[in-house]
Structure formats: structure tokens, C-alpha cells
Amino acid sequence: MSKPVSSSAALPIAHAVLRILVVLNWLMAAVILVLLVGMPNEQWIMSAFKLTPSPDADRLVMALRAVAVLGLAVIPLNYIVLKKLLAIVETVRAGDPFVATNAQHLRAIAWALLTLQLLSIVIGAIGRSVSTPAHPVHLDAGFSINGWLAVLLTFLLARVFAEGTLMRDDLEGTV
Amino acid sequence: MAIAVKLDDLLHDRRMTLTELADRVGMTLANLSILKTGKARAIRFSTLDAICAALSCQPGDILQFEAEGLAKKKRKAS
């Protein structure tokens, strides 16, 4: 016999993990901001990457700044995903997850994931465009079949929730 | 909804209260009240069967199709 949802350990763990990820997301934003506008100037970047002044080195510095700006754009999208997931977890904890708002939450998550995938492709392309044998740039970004499957799955799940909510409404109005 | 529920008229004709009908068909008074006031979205065949048996009537005696305009006018009047 399965345990009731309310007594499952998965929900408190999910809740705690999501809260930690929200904090980590803000920390990442702070780090990117510091890298972008704070201490490191062009000389610092050049020495960190062992670059000598050249057009290629300038391009690399520009590309890294562009990646940092795109990285900043990722922060609010991550925040949307995490906050909406937290809201969904809350409804599961309350014992009523099949509500119209959860379908809207999932749709918002799907759009955020889609935008994140597009940003990942752009960041990956920037990395490849400035990577040279002398100064290889390896960015963990680009097209990901798993990422796009997650986007598709989330859109489908949002639709399933929307339909499920309508069916439940109908059932509740049945005598 | 273009389907009107005429449970009120039937109960009046049979000199029966909603509570008595609820007892006979084994439904809660709240659910029967939802049906009577036309707030139900759907009705199960088993419910229809039980009500027809209790009131000795046909489904058509309980439900009636009304054109949308007529139904709106009736709602405004009541």
C-alpha cells in the first residue's frame, strides 16, 4: 500500500532543495555581476586566460563579457522555474495539486525552459566562435536533446494539468 | 444551460419534499439541491434511474431542453 502524499519525505526534501536553489541562483547572479562590472578589468581577464594583447584576445574578452550578460539573463528565468515549482510543491503538500493555477505554473516553467534552451544555444555558439587551438573555450552550453525534451514534456504536462482540472470540475458538478 | 430541471414541479405534484426524495434515492440533500437548482453540470444515469423510480416518472419529465434565449429570460424572471 502506498504512503499518503502528505507523509512522503519527497515533498519536504523537494521544498528544501528548491529553497536552497533559489538562494544559489541569487548568489550566482551576484558572482556574475561582480565579474561583469566589479573588480576584473581587461588586464585581469587577459592574465587569467594567459592572453597576450591581440585582436583574438580582444574578441575573447568581448565574448566572455557577452556570455556573462547572457548569464545574467538566465537568473530571472531560473527564478521563475524555481518559484513556480515551489508553488506546485505547496499545492501538493496542501493535498490539492489539480488546480488551474498549476497548469499556468507549468506553462510558465515550459516557456522559461524554452528560453533557457535558446540562451544556451547562443552561449554555446559564442564559445565556439572564439575558441581557438591556442585558447580553447569549453562552455557547458549548446543544443541539448534532453533540454528540449524537458521543454516538450513540461508543455505536455501543463496541458495534462489543464485538461485534468477541467475533468475534475466536471466530475465535481456531476450528481 | 439549455437543459432545465423540473424537479420542483414533480416534487410538488407528488407532494414530496426534497429531503424525502433524498432519502429514497440515497443521495445527499446537498447534491439533490444542486440538481434541483440547475447548478449541476452532469447527471449520472444511475441518479436519473433512482429519481425516476422514486417519482414514478420518465427522464423527460425531469429534464427539458430550452433554447438559450428562453432559458436566460426565465433565469432573469426568477
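**View 1. A:Val31 lies in helix H1 (residues 10–37) of chain A.** This is a predicted model, in which local features need pLDDT of at least 70, side-chain atom pairs count only at pLDDT 80 or more, and totals for chains, interfaces and linings use all residues. Residues are numbered from 1 along each chain as its sequence is written, while chains are lettered from A and ligands numbered from 1 in the order in which they are written. Helices (H or I, at least four residues) and strands (E, at least two) are DSSP runs, numbered from the N terminus. A:Val31 counts as partly exposed because 13 other C-beta atoms lie within 10 Å; a residue is buried with 20 or more such atoms, exposed with 12 or fewer, and partly exposed in between, with C-beta atoms placed from the backbone. A:Val31 and A:Arg93 are 62 residues apart along the chain, and their C-alpha atoms are separated by 34 Å.

**View 2. Chain A has five helices and zero strands.** Along the sequence, the pattern of chain A reads α-α-α-α-α. Of its 175 residues, 15% are buried. Among contacts in chain A with a separation of 6 or more, 75% join residues 24 or more positions apart. Two residues are in contact if their C-beta atoms, placed from the backbone, lie within 7 Å.

**View 3. Helix H3 (residues 55–93) of chain A packs with helix H4 (residues 100–130) of chain A, their axes coming within 9 Å and crossing at roughly 165 degrees.** H3(A) is therefore roughly antiparallel to H4(A). Angles under 35 degrees count as roughly parallel, over 145 as roughly antiparallel, 65 to 115 as roughly perpendicular and the rest as oblique. Axes are lines fitted to C-alpha atoms, for helices over the stretch in contact, and angles run from 0 to 180 degrees between N-to-C directions. The crossing of H3(A) past H4(A) is left-handed, meaning that the near helix is turned anticlockwise from the far one by less than a right angle (right-handed if clockwise). Their contact has 23 nonpolar, five polar and two charged residues. Ala, Val, Leu, Ile, Met, Phe, Trp, Tyr, Cys and Pro count as nonpolar, Asp, Glu, Lys and Arg as charged, and the others, Gly among them, as polar.

**View 4. H4(A) also packs with helix H5 (residues 145–172) of chain A, at an angle of about 165 degrees and with the axes 8 Å apart.** These two helices, H4(A) and H5(A), are therefore roughly antiparallel to each other. H4(A) passes H5(A) in a left-handed crossing. On the H4(A) side, the contact residues include A:Ala103, A:Leu106, A:Arg107 and A:Leu113. Those on the H5(A) side include A:Trp148, A:Val151, A:Phe155 and A:Phe161. By class, this contact of H4(A) with H5(A) has 15 nonpolar, six polar and one charged residues.

**View 5. Chain B has six helices and two strands.** Its elements follow the order β-α-α-α-α-α-β-α along the sequence. Chain B has 78 residues, 10% of them buried. Residues 24 or more positions apart supply 65% of the contacts in chain B with a separation of 6 or more. The mean pLDDT (the predictor's confidence in each residue, from 0 to 100) of chain B is 88, and 86% of its residues reach 70 or more.

**View 6. Nine residues of chain B and four residues of chain A make up the contact.** Helix H3 (residues 29–36) of chain B gives the most to the side of chain B that touches chain A, with three residues. That side of chain B has five nonpolar, two polar and two charged residues. The model scores ipTM 0.70 and pTM 0.71.
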